[in-house]
Amino acid sequence: MSENPESEKLCTLALVNTPGIGSVTIRQLISYCGSSEKVFSSDYKKLIKIPGVGDKVARSILRKEGLAEAEKEWQNCLKSGAKLHFFSDTTYPNRLKSLYDAPVVLYSKGNFDYNSYRTVGIVGTRQVTEYGKSVTENIIKDLTPYNPLVISGLAYGVDITAHRACLKNDLSTIGVMASGLNVIYPAVHQKTASEMLEKGGLVTENALATKPDFMRFPARNRIIAGLSDVTIVVESAKKGGSLITVDFAQNYHREVFAVPGNISNPQSEGCNQLVRDNKACIFISVQDMADSIGWNLQNKPTSLDVTGKDDKNDSTFIFDGFTQDEGQVLSLLKRQGNMQVDELSWQSGLHLNKLATLLLNLEFQGMVRSLPGKKYGLI
């Protein structure tokens, strides 16, 4: 195999289609071997030494069974209009790039910007009450001035209520699926899913014809959490699936809000518990949430700009007496205003641990300040 962009992507897709290999292991393989193509050209002795790769996985790779399936899948995507976003692509969502378990490849259809400046995940129970529906619709309506990308899971209940409210209020919304793009689940949401393609779309990490199974739903939830700056739980039972999304959001250092409900209603038990256990901020209103996480309507670019540091018109700010890394961070904050830590890490290229130390030093020097919502800004 000659090493070229398309061949490399086909090999990456083949790794995704190889049984027993997850996204973390795939990144390990690529890191140790140098590329997806080199993974398939490696021998057993090299593969078996890679962390996370045992005998079974090594032999699966050597059989190269995923390559034929990858070529077939590639052609099916071209025919169906599905887009493939590989981890190394510029089209891959920036918010996922810093996550250790992010999908290696995403499939999508529709018309939306992964890197919208603001993103909100709205999740909740499938057995939504009239109260939950009303709250969800009002949240979407009140979010409209902030123009976020709204993310949910296309499921019954809160999810589909949020998607439909977005369509009604002309907000972009995407449904993250536990199936492939060719398998709308539940099928009764086909019409809404089609309407979402006009302003929004569908996203999944699964091959086109994949049917949903139990384990794909928690995996789907991590994508919702990872794409969302803030996740709002509208209604949830004590052990509802939305709480899995909350766990992922907290692991990713994202904000979580929960809508309080009637203490006698089992569909509000999960939300009330999140607030009680300090796992989520209490949701009172969109305005209250926006104030808490530092959103304002005076500074609202349309998308998260990761190329600004190369902008010749406004790229260089002189900060004498600071290290190169400190100057880079200060320049980003001066150019873009308040930024979340994850965004700052991605755009500066600094690891989160190193960035945290650097920001603390800049705080001591009176240059930056910590803001709600894990954001930082210049003083």
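In what follows, Ala, Val, Leu, Ile, Met, Phe, Trp, Tyr, Cys and Pro count as nonpolar, Asp, Glu, Lys and Arg as charged, and the others, Gly among them, as polar. The structure is a predicted model, in which local features need pLDDT of at least 70 and side-chain atom pairs count only at pLDDT 80 or more, while totals for chains, interfaces and linings use all residues. Residues are numbered from 1 along each chain as its sequence is written, and side-chain values use heavy atoms, with hydrogens and water left out.

We begin with the open spaces. A pocket is an open set of points, on a 1 Å grid over the protein atoms alone, with protein on both sides within 12 Å along at least five of seven lines; a cavity is a set of points where a 1.4 Å probe fits but cannot get out; lining residues have an atom within 4 Å of a point. Grid points are joined across faces, edges and corners, and a volume is the space filled by probe spheres set on the points.

The largest pocket holds about 490 Å³ of space. Its lining consists of 20 residues, and V16, I21, E205, N206 and R216 lie nearest the centre. Two or more lining residues come from each of α2 (23–33), β2 (105–111) and α11 (216–227); helices (H or I, at least four residues) and strands (E, at least two) are DSSP runs, numbered from the N terminus. Helix α11 gives the most, with 5 residues. By class, this lining has 11 nonpolar, 5 polar and 4 charged residues.

The second largest pocket has a volume of about 380 Å³. Of its 21 lining residues, R126, N221, G240, G241 and S242 are the closest to the centre. Here α11 and α12 (242–251) are the elements that give two or more residues, and the largest share, 5 residues, comes from α11. The lining divides into 9 nonpolar, 9 polar and 3 charged residues.

A search of the whole structure finds 3 cavities of 30 Å³ or more. The largest cavity contains about 90 Å³ of space, and of its 13 lining residues the closest to the centre are D229, W295, Q340, E343 and K375. The second largest cavity contains about 70 Å³. Among the residues that line the second largest cavity are R126, Y185, F217 and R220, and its lining has 8 nonpolar, 2 polar and 2 charged residues.

The next topic is helix packing. Two packed helices are described by the angle between their axes and the distance between the axes. Axes are lines fitted to C-alpha atoms, for helices over the stretch in contact, and angles run from 0 to 180 degrees between N-to-C directions. The axes of α15 (residues 324–336) and α17 (residues 352–364) come within 11 Å and cross at roughly 80°. Helix α15 is therefore roughly perpendicular to α17 (an angle of 65 to 115 degrees). In α15, D325, E326, V329 and L330 meet K354, L355, L358, L359, N361 and L362 of α17, where contact means heavy atoms within 4.5 Å.

Finally, consider a single residue. Y376 lies in strand β12 (residues 375–378). Y376 counts as buried because its relative accessibility is 14% (buried means under 20% relative accessible area, with a 1.4 Å probe and protein chains only). Leaving aside neighbours within four places in sequence, the contacts of Y376 include L333, L359 and L371.

Conventions. Buried means under 20% relative accessible area, exposed over 50%, partly exposed in between (1.4 Å probe, protein chains only). Angles under 35 degrees count as roughly parallel, over 145 as roughly antiparallel, 65 to 115 as roughly perpendicular and the rest as oblique.
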